[in-house]
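Work through the exercises below with the model open beside you. Try each task before you read its solution.

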Amino acid sequence: MSNSIVFEAPRSLAKESLVGAGLGSTAVMRMAKFYPRRGKRLFDVAFSMAFLGLAGFWLLPLIALLIRLDSPGPALFRQQRVGLGGKVFLCLKFRTMGHNPEAAFVQTRRDDPRITRVGRILRKTNLDELPQFINVLLGDMSVVGPRPHVPQLDEAFAGAVQSYELRTMVRPGVTGLAQVSGCRGETRSVREMNQRVRFDLFYIRSVSLLMDVKIVIRTVLAAIRGDERAF
């Protein structure tokens with residue numbers, strides 16, 4: 001992969017990201033600039049409409065058909081996630097597990113027996129996230145941003161990871177800097193979540209059109225290769 005699309009948070013920022021007030025004031029100033037304030041939403045709408053118009057209109061129904069043929073249950077999975085300002089919304093995904101509407105939330109783990117055959121391919125290639133472009137058009141999400149967590153995950157880590165609440169200063173993303181930097185899969189410890197949050201806060205502080213384009217490119221490349229950390 002070209003070095004031109006590799007991100008690395010400086011050590012000084014990694015330390016600063018744990019200081020809520022300092023990073024918060026910096027991020028607020030950044031949010032006042034044109035791209036974070038208005039341009040990002042224009043990018044989100046234009047990108048989502050282009051995807052849905054060029055590929056989504058045939059790709060989404062095809063994936064939905066494969067899911068229905070592979071296992072009983074609906075093709076779409078709706079789950080509560082925490083979005084901008086801590087507001088909870090219904091996040092859309094393709095169903096990748098056996099249908100069990102009564103099941104309690106349990107993080108997906110490697111070789112999870114709940115994942116279906118088609119679901120394993122969708123998760124490996126990030127195709128299970130494609131319905132979230134509808135969430136983008138609805139204004140719940142952005143193309144790029146911190147990934148939205150379920151409320152239970154936020155409750156578990158909010159008091160243990162400093163500056164955790166600053167993740168909701170921006171709309172959550174279909175993809176994000178943390179995900180393309182290797183922070184994927186089950187988050188079992190405060191240390192693992194802290195690493196994700198550091199990337200999220202770095203993104204909030206540094207958000208730009210160029211950064212969003214680079215993250216989208218890295219996401220597409222990971223989908224083509226298949227992400228080993230996606231399970």
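A residue counts as buried under 20% relative accessible area, as exposed over 50%, and as partly exposed in between (1.4 Å probe, protein chains only). The model is predicted: local features need pLDDT of at least 70, side-chain atom pairs need pLDDT 80 or more, and totals for chains, interfaces and linings use all residues. Residues are numbered from 1 along each chain as its sequence is written, and side-chain values use heavy atoms, without hydrogens and water.

**Exercise 1. The whole chain**

Task: state how many helices and strands the protein has, and what share of its residues is buried.

Solution.
- Step 1. Helices (H or I, at least four residues) and strands (E, at least two) are DSSP runs, numbered from the N terminus.
- Step 2. The count gives nine helices and four strands.
- Step 3. Their order from the N terminus is α-α-α-β-β-α-α-β-α-β-α-α-α.
- Step 4. Of 231 residues, 49% are buried.
- Step 5. Take contacts (heavy atoms within 4.5 Å). Among those between residues at least 6 apart in sequence, 73% join residues at least 24 apart.

**Exercise 2. Arg-147**

Task: find where Arg-147 sits and decide whether Arg-147 is buried or exposed.

Solution.
- Step 1. Arg-147 is in the loop between strand E3 (142-144) and helix H6 (151-157).
- Step 2. Arg-147 is buried because its relative accessibility is 9%.
- Step 3. Beyond four places in sequence, Arg-147 touches residues including Arg-81, Glu-129, Arg-167 and Val-174.
- Step 4. A polar atom of the Arg-147 side chain lies 3.1 Å from the backbone oxygen of Val-174.

**Exercise 3. Tyr-164**

Task: which side chain makes a polar contact with the side chain of Tyr-164?

Solution.
- Step 1. Tyr-164 lies in the loop between H6 and strand E4 (173-175).
- Step 2. Its relative accessible area is 4%, so Tyr-164 is buried.
- Step 3. Outside four places in sequence, the contacts of Tyr-164 include His-149, Leu-153, Phe-157 and Met-193.
- Step 4. The polar partner is the side chain of His-149, at 2.7 Å.
- Step 5. Leu-201 is 37 residues away along the chain, with 8.7 Å between its C-alpha atom and that of Tyr-164.

**Exercise 4. Helices H3 and H9**

Task: list the residues through which H3 and H9 meet.

Solution.
- Step 1. H3 spans residues 34-70 and H9 spans residues 209-225.
- Step 2. From H3 come Tyr-35, Lys-40, Phe-43 and Phe-47.
- Step 3. From H9 come Leu-209, Asp-212, Val-213 and Val-216.
- Step 4. The residues of this contact between H3 and H9 divide into six nonpolar, no polar and two charged.

How values were computed: A polar contact is a pair of N or O atoms within 3.5 Å; within protein, one must be able to donate a hydrogen and the other to accept it, and residues adjacent in sequence count only if both atoms are side-chain atoms. Axes are lines fitted to C-alpha atoms, for helices over the stretch in contact, and angles run from 0 to 180 degrees between N-to-C directions. Ala, Val, Leu, Ile, Met, Phe, Trp, Tyr, Cys and Pro count as nonpolar, Asp, Glu, Lys and Arg as charged, and the others, Gly among them, as polar.
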